[in-house]
Amino acid sequence: MNQVSFTCRLTKDPEVRHVGTANSTASVVTLRVAIDDRQRSKGRPGLFLDIEAWGPLATTCGEHLKKGSLVGVSGRLDRDEWQAKDGTPRDR
């Protein structure tokens with residue numbers, strides 16, 4: 001099972017974009033969030049994640065959220081891996 005839930009703050013304003021063809025489009029929003037793991041004071045960095053939401057939820061996030069907003073996130077955790085132009089492996 002791949003299910004995560006956490007509370008976090010937005011580190012920048014949401015970025016809403018529309019994807020698809022002329023006949024069919026969908027809204028998608030990207031949220032950059034920071035999770036305070038309470039260990040940061042012990043020299044460990046915080047955890048920063050990119051969150052994507054699609055459809056009507058994306059539109060609502062774009063209209064109502066801004067940098068600094070406290071949000072609850074529940075969903076599936078995915079990891080993207082690719083190779084950069086210089087040949088080095090990248091992930092996020």
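**A friendly note on Thr88 and its fold**

1. Let's start at one residue: the side chains of Thr88 and Asp86 are joined by a polar contact of 2.7 Å. A polar contact here is a pair of N or O atoms within 3.5 Å; within protein, one must be able to donate a hydrogen and the other to accept it, and residues adjacent in sequence count only if both atoms are side-chain atoms. The side chain of Thr88 also makes a polar contact with that of Arg90, at 3.3 Å.

2. A word on the source: this is a predicted model, in which local features need pLDDT of at least 70 and side-chain atom pairs count only at pLDDT 80 or more, while totals for chains, interfaces and linings use all residues. Residues are numbered from 1 along each chain as its sequence is written, and side-chain values use heavy atoms, with hydrogens and water left out.

3. Where does Thr88 sit? Its place is the loop between strand S6 (81-83) and strand S7 (89-91). Thr88 is partly exposed, with a relative accessible area of 31%; buried means under 20%, exposed over 50%, and partly exposed in between (1.4 Å probe, protein chains only). Not counting residues up to four places away in sequence, Thr88 touches Trp82 and Gln83, where contact means heavy atoms within 4.5 Å. Leu77 is 11 residues from Thr88 in sequence and 23 Å from it in space, C-alpha to C-alpha.

4. Now the whole protein. It has 1 helix and 7 strands, in the order β-β-β-β-α-β-β-β along the sequence. The radius of gyration is 15 Å, well over the 12 Å that the globule rule gives for 92 residues, so the protein is more spread out than a compact globule. That radius is taken over C-alpha atoms, and the rule is 2.2 Å times the number of residues to the power 0.38. Helices (H or I, at least four residues) and strands (E, at least two) are DSSP runs, numbered from the N terminus.

5. The C-alpha trace spans about 50 × 40 × 30 Å along its principal axes, and buried residues make up 22% of the 92 residues. Among contacts between residues at least 6 apart in sequence, 52% join residues at least 24 apart. There are 15 positive and 12 negative side chains, and the centres of the two sets lie 5 Å apart. Lys and Arg count as positive and Asp and Glu as negative, with His and the chain ends not counted; the charge is placed at NZ of Lys, CZ of Arg, CG of Asp or CD of Glu.

6. The side chain of Thr30 makes a polar contact of 3.1 Å with the side chain of Arg17. Leaving aside neighbours within four places in sequence, the contacts of Thr30 include Pro14, Ile51 and Glu52.

7. Pro14 turns up again with Glu63: the two are 49 residues apart in sequence but 8.8 Å apart in space, C-alpha to C-alpha. Glu63 lies in helix H1. Is Glu63 buried or exposed? It is exposed, with a relative accessible area of 57%.

8. Finally, find Ser69 in the loop between helix H1 (56-64) and strand S5 (70-75). Ser69 is buried, at a relative accessible area of 15%. A polar atom of its side chain lies 2.8 Å from the backbone oxygen of Lys66. Not counting residues up to four places away in sequence, Ser69 touches Cys8, Arg9 and Leu10.
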